[in-house]
Amino acid sequence: MDEMGRIAAFAVVAALCAVVVRKQVPELSMVLVILGGAMILGRALYALTGVRAMLDTLREAAGLSPAVVAPVIKTAGVAILTRFAAELCRDAKEGGLASFVETAGAAIALFLALPLMQTVLSLLTELL
């Protein structure tokens with residue numbers, strides 16, 4: 001909870017700085033937003049290290065192979081990056097580019113999920 005409070009405060013300060021600078025130098029405003037977003041994303045990724053450790057513990061307890069859990073983690077990463085990139089494109093008034101980023105993210109997420117689908121299919125065939 002404390003970490004989210006810090007992230008929210010940082011985001012508000014970065015947004016206010018970007019709004020003030022946008023009137024004089026719009027390009028610098030976009031750079032501020034990108035840097036602020038990168039800092040926030042870095043803090044969020046740091047928080048996810050604990051989640052990764054817990055997923056590894058659960059995977060070992062359930063006796064699952066890393067090939068089952070890895071696609072889920074990769075797909076979540078793709079979703080986060082896709083959202084981040086698409087919102088940056090929208091902030092730059094490039095809605096069409098944002099749509100392409102979202103489509104590419106969906107395609108890559110589907111591709112990353114293929115090994116998981118293959119594993120599920122092989123488990124189903126073994127059960128039958």
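This briefing covers the pockets, a nonpolar surface patch and one backbone angle.

The model is predicted: local features need pLDDT of at least 70, side-chain atom pairs count only at pLDDT 80 or more, and totals for chains, interfaces and linings use all residues. Residues are numbered from 1 along each chain as its sequence is written, and side-chain values use heavy atoms, with hydrogens and water left out. The largest pocket has a volume of about 440 Å³, and about 230 Å³ lies in the second largest pocket.

**Largest pocket**

- A pocket is an open set of points on a 1 Å grid over the protein atoms alone, where a 1.4 Å probe fits, with protein on both sides within 12 Å along at least five of seven lines; lining residues have an atom within 4 Å of a point.
- Grid points are joined across faces, edges and corners, and a volume is the space filled by probe spheres set on the points.
- The lining of the largest pocket has 18 residues, and Gly37, Ile40, Leu41, Phe84 and Glu87 lie nearest its centre.
- Helices H1 (2-22), H2 (26-62) and H3 (66-91) each supply at least two residues of this lining; helices are DSSP runs (H or I, at least four residues), numbered from the N terminus.
- H2 gives the most to the lining of the largest pocket, with 8 residues.
- By class, this lining holds 13 nonpolar, 2 polar and 3 charged residues, where Ala, Val, Leu, Ile, Met, Phe, Trp, Tyr, Cys and Pro count as nonpolar, Asp, Glu, Lys and Arg as charged, and the others, Gly among them, as polar.

**Second largest pocket**

- H2 and H3 each supply at least two residues of the lining of the second largest pocket.
- Its lining residues include Leu41, Arg52, Val72 and Gly77.
- This lining divides into 10 nonpolar, 1 polar and 1 charged residue.

**Nonpolar surface patch**

- Leu45, Leu48, Val51, Met54, Leu55, Leu58 and Ile80 make a nonpolar surface patch of about 580 Å².
- Patch residues have over 30% relative accessible area and no salt bridge, and nonpolar side chains (Val, Leu, Ile, Met, Phe, Trp, Tyr) are joined within 5 Å; areas come from the Shrake-Rupley method with a 1.4 Å probe.
- A salt bridge is a side-chain nitrogen of Lys or Arg within 4 Å of a carboxyl oxygen of Asp or Glu.
- H2 contributes the largest share of the patch, 6 residues.
- Met54, in helix H2, is partly exposed because its relative accessibility is 48% (buried is under 20%, exposed over 50%, partly exposed in between).

**Backbone at Lys93**

- Lys93 lies in the loop between H3 and helix H4 (95-127), and its phi is near 65°, a positive value in a residue other than glycine.
- Most residues other than glycine have a negative phi.
- Lys93 is exposed, at 71% relative accessible area.

How values were computed:
Patch = residues over 30% accessible without salt bridge, like charges linked within 9 Å, V, L, I, M, F, W, Y side chains within 5 Å. Buried < 20%, exposed > 50% of the residue type's maximum accessible area, 1.4 Å probe, protein only.
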